[in-house]
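The entries follow the order in which I looked things up.

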Amino acid sequence: MCGLLSGGVLLIGALLGRELPDWPDEEAQRLAALWRQRFLAEYGATRCRTLRDALPDVPHRCRSLVRQATALLRDLLAEEGHLEP
């Protein structure tokens, strides 16, 4: 799995996840699933190697993908009311 995708899931969990085992976590799960769907729709894959192989073989080749995916997650969080636009 791409680290950008898993990092986004971790961020969603930190923002919306439960603090105690018996607290609900449906919103975090829903948003994490939506994040995966958006990521896949935008980049066509969720697997690190697949994404990296599509980029030029240069140092720091994921840099532009990091910027784009960060903006995509920020926009998703804002759309869903979990972040100021």
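I began with the ring criterion: rings of Phe, Tyr and Trp (for Trp, its six-membered ring) pair if their centres lie within 6.5 Å, and planes under 30 degrees apart count as stacked, over 60 as edge-to-face and the rest as tilted. By this rule I count two aromatic pairs.

Before going further I noted that the model is predicted, that local features need pLDDT of at least 70 and side-chain atom pairs count only at pLDDT 80 or more, while totals for chains, interfaces and linings use all residues. I also noted that residues are numbered from 1 along each chain as its sequence is written, and that side-chain values use heavy atoms, with hydrogens and water left out.

Entry on the aromatic rings. I looked up W35 and F39, which form an edge-to-face pair at 5.5 Å centre to centre, with 70° between the planes. They are four residues apart in helix α2, and therefore separated by about one helical turn; helices here are DSSP runs of H or I with at least four residues, numbered from the N terminus. In general, an α-helix has 3.6 residues a turn, so residues three or four places apart point the same way. W35 and F39 are both buried, where buried means under 20% relative accessible area, exposed over 50%, and partly exposed in between, with a 1.4 Å probe and protein chains only. Together with Y43, W35 and F39 form one aromatic cluster.

Entry on helix α2. I checked its length: at 1.5 Å a residue, the 18 residues of α2 should span 26 Å, and the end C-alpha atoms are 26 Å apart, which agrees; the expected span is 1.5 Å times one less than the number of residues. Which residues of α2 are buried? They are A28, L31, A32, L34, W35, F39 and Y43. Seen down the axis of α2, these buried residues fall within an arc of 165°, so they line one face of the helix; the arc is taken from the directions from the helix axis to the C-beta atoms. The face turned away from the buried side carries the exposed residues E26, Q37 and A41. I then asked what covers the buried residues of α2, and found that the cover includes α1 (3–16), α3 (48–53) and α4, with contact meaning heavy atoms within 4.5 Å. After α2 comes G44, whose phi is positive, near 80°.

Entry on salt bridges. I took a salt bridge as a side-chain nitrogen of Lys or Arg within 4 Å of a carboxyl oxygen of Asp or Glu, and by this rule the count is six. R30 bridges to E27 at 2.8 Å, N to O, and these two residues lie three apart in helix α2 (residues 26–43), about one helical turn. R30 also bridges to E80 at 2.5 Å, N to O. This second pair links distant parts of the chain, with R30 in helix α2 and E80 in the segment after α4 (63–79), 50 residues apart. I looked up accessibility as well: R30 is partly exposed at 37%, E27 at 31% and E80 at 27%.

Last, I looked at D57 and R61, whose closest N and O atoms are 3.8 Å apart in a salt bridge. D57 is exposed at 69% relative accessibility, whereas R61 is buried at 18%.
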